[in-house]
Amino acid sequence: MRLLDWLKRHFGTKADTDSQAADLQAIFSKALAPSLSLPSQQAYPIVTSAMQPGLAAYQVHCLLNKPDKQRLDALLSDTGFEPEASYDVVFSGVLHHAQGPSHVFLHQYADFAGICVLLISNDILLLQQLIAFKAAPPAPWESFPEVAPDTLGSLQGNIEFWCDTFWRPYWLSLSEAERSQYPANWREFSEFH
């Protein structure tokens, strides 16, 4: 019955964000706080300290193409976490380490022609491997096939969220040589926005 109550509290129409925060704070308590040195320059996806106050963990918030999401699932499995859902299924829940006290909170859903992922963890081995994990979101013309980038001025709505949250961090992580592989109109868009 506890699982049913937890699901209702988190996924019901009146989900209580305070209780979600308390649950995550209990899972990622200071007693299990990882100590990780983050490099100043990282490949995409970027590992950062958890954005929510009180969480002793690190996070990755990214958009992955389907092959890279499958690689992430394999990495989770290789480090002792068994993903409970297929790589492209909507999922939100906690994964427990097979042999230790560390955890992963994984929230994933399909959008922008890829899989949006929020991963929070206190597992040092997983986090170290995520820092070295180089991945990519779907190309912009796949995420927005109906958009001509040279017609965009100010961004709003979905494309603004996509650009600010996923595309810009990816673009800034690329070298000049990697950026030059993109079509000129999308390079110009990426430099402007």
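**A cysteine to start with**

Is C62 buried or exposed? C62 is buried, with a relative accessible area of 1%; here buried means under 20% relative accessible area, exposed means over 50%, and partly exposed is in between, using a 1.4 Å probe and protein chains only. C163 is also buried, at 2% relative accessibility.

Before going on, a word on the source. This is a predicted model, with pLDDT of at least 70 needed for local features and 80 or more for side-chain atom pairs, while totals for chains, interfaces and linings use all residues. Numbering runs from 1 along each chain as its sequence is written, and side-chain values use heavy atoms, leaving out hydrogens and water.

**No disulfides**

The structure holds zero disulfides, a disulfide being a pair of cysteine sulfur atoms within 2.5 Å. C62 is in none: its nearest cysteine sulfur belongs to C116 and sits 8.6 Å away.

**The sheet**

Five strands make up an open sheet, ordered β1-β2-β5-β4-β3, with antiparallel pairing. At the edges stand β1 and β3 (91-96), each with a single partner strand, so one side of each has no neighbour in the sheet. From one strand to the next, the twist averages 20°. Strands (E, at least two residues) and helices (H or I, at least four) are DSSP runs numbered from the N terminus, and two strands pair if DSSP finds at least two bridges between them. Axes are lines fitted to C-alpha atoms, for helices over the stretch in contact, and angles between N-to-C directions run from 0 to 180 degrees.

**Strand by strand**

Let's take β2 (residues 58-64), which is mostly covered: six of its seven residues are buried. On one side, three bridges join β2 antiparallel to β1 (residues 47-49), and T48 has Q59 as its bridge partner in β2. Seven bridges link β2 to β5 (residues 114-121), again antiparallel, with V60 opposite L119.

Moving along, β4 (residues 103-111) runs antiparallel to β5 and is joined to it by eight bridges. In that pairing, D111 stands opposite G114 in β5.

**Helices on the sheet**

Helix α3 (residues 66-78) packs on the sheet and touches β2, β3, β4 and β5, where contact means heavy atoms within 4.5 Å. The direction of α3 makes about 25° with that of β5.

Helix α4 (residues 124-132) packs on the sheet too, touching β1, β2, β4 and β5. Its direction makes about 140° with that of β5.
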